Amino acid sequence: MIENYRKRKLVNTLMKGLVFFFTILSLVPLLFILFYLIKQGIGAINWEFLTHLPKPVGESGGGVFNAIVGTIILIVLSTLMAVPLGIGAGIYLAEVKAGKLAYLLRLGTDILQGTPSIVLGVIAYLWVVKPMKSFSALAGSVALAIMMLPMIVCSTEETLKLIPYSLKEAALALGVPYYRTILKVILPAGFSGILTGILLGIARIAGETAPLLFTAFGSPYLNLNPLKPISALPLVVFNYASSPYPDWWRQAWGASFVLTVMVLVFNLAAKIGTRKWEIKF
Amino acid sequence: MTFNRDKLFEKSLTLSAWLVVILVAAMCLSLVLYALPVFRTTGFGFLFHRLWDPLQGKFGAMPFLVGTLLTSFLALLFSLPFSLAIAIFLGEYFNSGKIALFFQNTTSLLAGIPSVIYGFWGLFVLVPLVRKLEIKLGVLPYGVGIFTASLILSIMIIPYAASVGREVISLVPSELKEAAYALGATRWEVIRHVIFPYARSGIFAGILLSLGRAIGETMAVTMVIGNNNQFPTSLFAPANTMASVIANEFTEATSDVYLSALIAIALLLFLVTTVINIIGRYIIEKLSV
């Protein structure tokens, strides 16, 4: 009896140790990446790096200003495309709930959520680059917008579901027409949740490279025209990292750092937004 | 007037719902349409041929199918003990408090790092390490290859798998656990005989979802797998996955058949990840109801 008891206790301690060991061990590569990114990244960043265009091969110096601008343009364009459609579809799901179209829509967003980003790049190539015969910022944003869409649909639906039905009933009882009830009462009440979804969506697409490889394509110049190829930070990281020049590797670390900070800022903003404007009823 | 506006509003909602559905349908349709030429020229042998030589017009997707299977299953294998341990650690031992918060923040931070940066890090840190290991083992020291790609993939999917696992473990009703404790069970016995059986399907779903991730992951793999179109003969050999061959060759595809072959691979990738994801989501949905 005592023997058995000791054995069980031993197994318990042993397994606890094993779980703790593997958990802590798993942090090692993750922290290693972070450490490397910060160490190499900060060293590469200076004023010139952030505000100058790339120099031709062989000349050292230069910066990634065009890529920072390009990433911002891509984010703005894809957000403009994805947000209205996503919110509309999200409201539909929250309002209609059941039915054939709702079922299909749910299935569709599930499918989009799991679609590998490279496939979206292929789609944008077929839909935009091929007919227009040119790589373009527009094509890149189409790919990113499709990627963002399911997150916005889901966050809109989840948020609106949390809003108490009494709020809607009160508005309708006062004689407010249905569309005004949704637009002026329900949507503002769920504003923070939807905004969080959008910010998380942006954080997800900001660092994406695969859908941009053959859509936005990259460019060494500063480009503001959405119908021309455009540079982006993730593309710079990829191209510079696979180049044979140590100076470009240094710049790739710098670009990685800027990109990570950007993604973090969006993630953090989403977190703070949820906490600050949490729906309380 | 108001009546009309209500109708208009409802119609525009329905329209956006339809647009999303049509978007997905159109995606499938274009992939199928553009993939047709390669199936017309090579038949379904496209999936089974081992030779991929665009210059001679030979397109067989088998090397990439095997490459994807090997990298993603190896990655799953490497990551499993770690993600399970984190899931138990955060779901059972420390499900609240400062340590839990620290781990949650670290993992969400690391899940936010773009995959191209994982690839970059892998290329400059992991590849030299693997090369040293390969010299010790006496295999050709490429450094890049299936093994390296699996390592970087496993690092990338740990946070994801762990967070799904933590969630399903925390769904286990505390009455069940308390009942077992009341009978004198140790903590490990509760984990082994109450939590695992209850969360089994959820953990399986988490594994499926991270498998879907690993299969579709492109950039990190592309950067460390070595870009080699031969049928992989060893775990340390350079190879290509479905995603990485698209990333590497799409802009070089000069002929229509070549492009169509790459699009057919994209279609395959799309179908596989979709099936895996839908099954995984279905299991989790059933569990949380």
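Chain A and chain B bury about 6,900 Å² between them, buried area being the accessible area (1.4 Å probe) that two parts lose on being put together, summed over both. Carbon and sulfur atoms give 83% of that area. L30(A), I33(A) and Y179(A) supply 9% of the area that chain A buries against chain B, more than any other three residues. The model is predicted, so local features need pLDDT of at least 70 and side-chain atom pairs count only at pLDDT 80 or more, while totals for chains, interfaces and linings use all residues. Residues are numbered from 1 along each chain as its sequence is written, chains are lettered from A and ligands numbered from 1 in the order in which they are written, and side-chain values use heavy atoms, with hydrogens and water left out.

**The interface**

- 75 residues of chain A are in contact with 72 residues of chain B, where contact means heavy atoms within 4.5 Å.
- The rule finds 10 residue pairs in polar contact across this interface, both residues at pLDDT 80 or more. A polar contact is a pair of N or O atoms within 3.5 Å; within protein, one must be able to donate a hydrogen and the other to accept it, and residues adjacent in sequence count only if both atoms are side-chain atoms.
- Several helices of chain A each supply at least two residues of the side that touches chain B, among them helix 1 (2-44), helix 3 (65-96) and helix 11 (246-276). Helices (H or I, at least four residues) are DSSP runs, numbered from the N terminus.
- Helix 1 of chain A gives the largest share of that side, 20 residues.
- By class, the side of chain A that touches chain B has 56 nonpolar, 14 polar and five charged residues. Ala, Val, Leu, Ile, Met, Phe, Trp, Tyr, Cys and Pro count as nonpolar, Asp, Glu, Lys and Arg as charged, and the others, Gly among them, as polar.

**Two serines**

- S30(B) lies in helix 1 of chain B. At 10% relative accessibility, S30(B) is buried; buried means under 20% relative accessible area, exposed over 50%, partly exposed in between (1.4 Å probe, protein chains only).
- The side chains of S30(B) and W127(A) are joined by a polar contact of 2.9 Å. Not counting residues up to four places away in sequence, S30(B) touches L126(A) and W127(A).
- S117(A) sits in helix 5 of chain A and is buried, at 11% relative accessible area. Its contacts, not counting residues up to four places away in sequence, are M147(A), E208(A), A210(A) and P211(A).

**Salt bridges**

- A search of the whole structure finds nine salt bridges over all chains, and the count between chain A and chain B is two. A salt bridge is a side-chain nitrogen of Lys or Arg within 4 Å of a carboxyl oxygen of Asp or Glu.
- R8(A) and E189(B) meet through their side chains in a salt bridge of 2.7 Å, N to O.
- D110(A) pairs with R281(B), with the closest N and O atoms 3.8 Å apart. D110(A) is in helix 4 of chain A and R281(B) in helix 10 (residues 256-288) of chain B, so this pair joins two chains.
- E157(A) and K161(A) form a salt bridge at 3.1 Å. Both lie in helix 6 of chain A, four residues apart, about one turn of the helix.
- E157(A) is buried at 5% relative accessibility, whereas K161(A) is partly exposed at 47%. R106(A) joins E157(A) and K161(A) in a network of salt bridges.

**Aromatic residues**

- The count comes to 30 aromatic pairs over all chains. Rings of Phe, Tyr and Trp (its six-membered ring) pair if their centres lie within 6.5 Å; planes under 30 degrees apart count as stacked, over 60 as edge-to-face and the rest as tilted.
- The rings of F21(A) and F22(A) have centres 5.6 Å apart and planes at 70°, so the pair is edge-to-face.
- Y178(A) and F9(B) are also edge-to-face, with ring centres 6.1 Å apart and planes at 65°. This pair crosses between chains, from helix 8 of chain A to helix 1 (residues 2-42) of chain B. Both Y178(A) and F9(B) are buried.
- One aromatic cluster holds F32(A), Y36(A), W249(A), W253(A), F120(B), W121(B) and F124(B).
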